Every structure is written in structure tokens, then in C-alpha cells.
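This report describes a few local features of one chain. Please look through the sequence and the structure before reading on.

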Amino acid sequence: MTIERGLRLAAGTVILVSLALAHWHSAYWLWLTAFAGLNLFQSGITNWCPMVWILGKAGLPRCTDE
């Protein structure tokens, strides 16, 4: 698995878990969904995301175009 796939996996997991928690527990969990969306938006504009750094430190390789 590469950093890029891990990033998409982590973002998708956070969104799905927060939606499930909002459905079964409290609508306030939708703030976590909004935070994940805002972070994805910010990383698209600035090309910087803390999760990429975390996944790199965890040993996942970057995707290379060859």
C-alpha cells in the first residue's frame, strides 16, 4: 500500500464512521465529517496534509510515476 492509498482509506473510514455515529448516536458527529471534508479541501489547495506525514513516518512508500 502507498501513502496515497492509505490517505484515501483513512479519509473514507473517518467519513463512514462519523456518518454511522451520527445516525445511531448523535448528529454532532457530523462535525467530524465536515472536518474531514475541510481537510481534504485544504490539502487539495495547499498540497499539504498532516496524514501524509503520519503515513510516511509509518513506513508507507510514496506512489511514483514511472
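## Residue S18

The side chain of S18 comes to 3.0 Å from the backbone oxygen of I15. The model is a predicted one. S18 lies in helix α1, which covers residues 3-24.

S18 counts as buried because its relative accessibility is 0%, and the cut-off for buried is under 20%. Apart from its neighbours within four places in sequence, S18 has contacts with W29, L32 and T33.

## Helices α1 and α2

Two packed helices are described by the angle between their axes and by the distance between those axes. For α1 and helix α2 (residues 30-46), the axes come within 7 Å and cross at roughly 160°. The angle makes α1 roughly antiparallel to α2, because angles over 145 degrees count as such. The crossing of α1 past α2 is left-handed.

On the α1 side, the contact is made by A11, V14, I15, S18, L19 and A22. On the α2 side, these residues meet L30, L32, T33, A36 and L40. By type, the residues of this contact comprise nine nonpolar and two polar ones, with no charged residue. S18 and T33 both belong to this contact, and T33 is also among the residues that S18 touches.

## Residue P50

P50 is located in helix α3, made up of residues 50-57. With a relative accessibility of 32%, P50 counts as partly exposed.

P50 and T33 are 17 residues apart along the chain. Their C-alpha atoms are separated by 17 Å.

Methods: Residues numbered from 1 in each chain as written. Predicted model: local features only at pLDDT ≥ 70, side-chain atom pairs only at ≥ 80, totals over all residues. Heavy atoms only, no water. Helix = DSSP H or I, 4+ residues; strand = E, 2+ residues; numbered from the N terminus. Buried < 20%, exposed > 50% of the residue type's maximum accessible area, 1.4 Å probe, protein only. Polar contact = N/O pair within 3.5 Å; in protein donor to acceptor, adjacent residues only side chain to side chain. Contact = heavy atoms within 4.5 Å. Axes fitted to C-alpha atoms, helices over the stretch in contact; angles between N-to-C directions. Parallel < 35°, antiparallel > 145°, perpendicular 65-115°, else oblique. Left-handed = near helix turned anticlockwise from the far one by under 90°. Nonpolar A, V, L, I, M, F, W, Y, C, P; charged D, E, K, R; others polar.
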